[in-house]
Amino acid sequence: MQTMWNRWGIRPELLEQAKEIEGSLAPVWKRIAEVREYNQLKVLSALQEARISESDFGGTTGYGYDDKGRDQLEVAFAKAFGAEAALVRAQISAGTQALTVAFFGVLRPGDELLSITGTPYDTLARVIGLDEEKSNEGSLKDFGVHYREIPLSEQTGGIDVSRVCEELRPETKLVLIQRSRGYGLRRSLRVKEIGEAIAAVKARRPDVVVMVDNCYGEFTDYQEPTELGADLCVGSLIKNPGGGLAPTGGYIVGKQEWVERCANRLYAPGLGLHAGPSLGLNRAFTQGFFLAPHTVSECLRGLSFAAALFRARGFESQPAPEEERSDIIQTLTFHSPEPMIAFCQAIQQAAPVDSYVRPEPWPMPGYACDVIMAAGAFVQGSSIELSADGPVEEPYTVFMQGGLVYENVKLAALLACEQILRAEAKEQA
Ligand SMILES: *Cc1c(COP(=O)(O)O)cnc(C)c1O
């Protein structure tokens with residue numbers, strides 16, 4: 001074994017430490033394995049009930065009518081999410097587009113969108129019409145949809161349920177909940193907490209549509225928000241539910257009525273769920289969905305290992321290694337540029353693709369400081385695959401996410417440590 005790790009020059013002391021850390025993480029990994037088992041059985045039974053057939057994976061072209069493999073996968077998604085219907089499509093390229101389709105599918109001029117988890121994910125600013133510098137042309141605002149947001153509770157970091165209930169207005173049509181921290185400094189929300197907020201909103205206003213931005217959250221917990229009353233759950237197939245195999249795609253699951261309205265918005269009124277060729281992607285989507293609970297558990301184990309290893313070296317991680325996770329993102333804070341840059345370069349060096357590339361900080365448009373990004377992925381922009389990035393400024397925090405296989409994340413973390421140790425030794429010499 002040592003000779004295998006030697007290929008990357010990992011010193012024996014680090015491997016010893018890794019072994020100790022893996023031992024100490026046993027209780028954390030036990031829960032991850034339980035959640036994985038539960039979700040694996042959930043997905044497997046959903047695929048069986050949907051009567052998935054290998055002969056339907058070929059799919060359709062053109063209009064995409066009567067695409068049996070696509071329709072069956074949508075049945076399986078709906079069953080696994082405890083929902084009535086699903087839209088799982090190659091015509092949705094990622095999460096932002098899926099969320100946009102859902103907003104425009106549900107909201108009409110004069111309606112209000114109320115975010116109850118503070119400011120939504122960055123890419124939604126233009127969609128909602130919040131961007132002060134750029135054009136908001138084509139945004140919800142441009143179409144007469146109003147927007148308000150309620151921040152997360154300062155005390156708990158969770159949803160401020162009593163305030164939300166007070167702030168519901170007659171024009172409030174859609175309540176948005178973001179499950180994952182995204183690239184914010186908030187914490188991610190457990191599905192149970194989301195369920196409690198949904199119940200409170202629905203008790204006051206059963207007619208309000210509750211939609212969850214489920215990106216990065218799928219299969220990290222026993223249930224999905226649709227199982228606890230969310231009308232819609234929306235996400236990306238190049239994150240968790242694509243299992244690393246989907247080369248593109250997005251999904252919307254929930255109540256039949258709203259999913260149909262989203263399909264009419266994506267294709268055309270009247271075409272709805274009937275159009276949309278799968279273009280040969282049914283196999284990758286279905287197999288990826290099958291593998292997703294397993295893949296997500298690999299991410300979670302890898303992230304907890306990296307968090308524990310770097311904590312042992314005196315760096316902070318959010319969430320802490322033993323914390324129950326509700327998404328596949330964590331931050332590591334390095335407090336100086338050298339270890340931060342070394343960490344990102346190690347992530348790249350450990351990747352199965354583009355490992356020979358060396359990422360450097362660069363002045364990315366839209367940022368006041370340099371940014372460093374590392375990703376060596378099979379699918380462009382895939383964040384179920386291991387990647388890391390962050391602005392090179394105080395406090396030198398890196399967001400790391402994903403990881404298809406545990407050993408890859410372990411290698412990346414050990415390699416980063418190895419390089420930080422070598423740099424320190426050089427400095428002292
Ligand atoms: C990733 C993500 C999105 C959508 O981003 P895409 O890059 O378009 O897939 C939206 N919300 C959250 C919380 C996310 O993590």
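**Notebook: helix H10 and its surroundings**

I noted that H10 and H12 run roughly parallel to each other, because angles under 35 degrees count as roughly parallel and their axes cross at roughly 20 degrees. The model I am reading is a predicted one.

**Entry 1. H10 against H12.** I looked up how far apart the two axes are, and those of H10 and H12 (residues 406–428) come within 8 Å. I recorded the crossing of H10 and H12 as right-handed. On the H10 side I listed Glu-298, Arg-301, Gly-302, Leu-303, Phe-305, Ala-306, Leu-309 and Phe-310. From H12 I listed Tyr-406, Glu-407, Val-409, Lys-410, Ala-413, Leu-414, Ala-416, Cys-417 and Ile-420. Sorted by class, the residues of this contact of H10 with H12 are 12 nonpolar, one polar and four charged.

**Entry 2. H10 against H4.** I turned next to helix H4 (residues 68–80), which packs with H10 (residues 282–312) at an angle of about 20 degrees. Their axes are 10 Å apart. H4 and H10 are therefore roughly parallel to each other. The crossing of H4 and H10 is left-handed. In H4 I found Gly-69, Arg-70, Leu-73, Ala-76, Phe-77 and Ala-80 meeting Asn-282, Phe-285, Thr-286 and Phe-289 of H10. I put the classes of the H4 and H10 contact down as six nonpolar, three polar and one charged.

**Entry 3. The nonpolar cores.** Which residues have the most contacts inside the largest nonpolar core? I noted Phe-77, Ile-177, Phe-305, Phe-310, Phe-343 and Met-400, in a core of 96 residues. H10 gives the largest share of this core, 12 residues. Apart from it I found another core, of 32 residues, with Ala-98, Val-127, Leu-140 and Tyr-267 among them. As background, I wrote down that nonpolar side chains tend to be buried together in soluble globular proteins.

**Entry 4. Phe-305.** I looked up what Phe-305 touches, leaving out residues up to four places away in sequence. The list has Ala-18, Ile-21, Glu-22, Leu-25 and Trp-29, and also Tyr-406, Lys-410, Ala-413 and Leu-414.

**Entry 5. Thr-331.** Is Thr-331 buried or exposed? I found Thr-331 buried, because its relative accessible area is 4% and the cut-off for buried is under 20%. Thr-331 lies in strand E9 (residues 329–333). Not counting residues up to four places away in sequence, Thr-331 touches Arg-181, Glu-316, Ser-317, Gln-318, Thr-397, Val-398 and Phe-399.

Notes: Residues numbered from 1 in each chain as written. Predicted model: local features only at pLDDT ≥ 70, side-chain atom pairs only at ≥ 80, totals over all residues. Heavy atoms only, no water. Axes fitted to C-alpha atoms, helices over the stretch in contact; angles between N-to-C directions. Helix = DSSP H or I, 4+ residues; strand = E, 2+ residues; numbered from the N terminus. Parallel < 35°, antiparallel > 145°, perpendicular 65-115°, else oblique. Left-handed = near helix turned anticlockwise from the far one by under 90°. Contact = heavy atoms within 4.5 Å. Nonpolar A, V, L, I, M, F, W, Y, C, P; charged D, E, K, R; others polar. Buried < 20%, exposed > 50% of the residue type's maximum accessible area, 1.4 Å probe, protein only. Core = buried A, V, L, I, M, F, W, Y, C linked by side-chain atoms within 4.5 Å.
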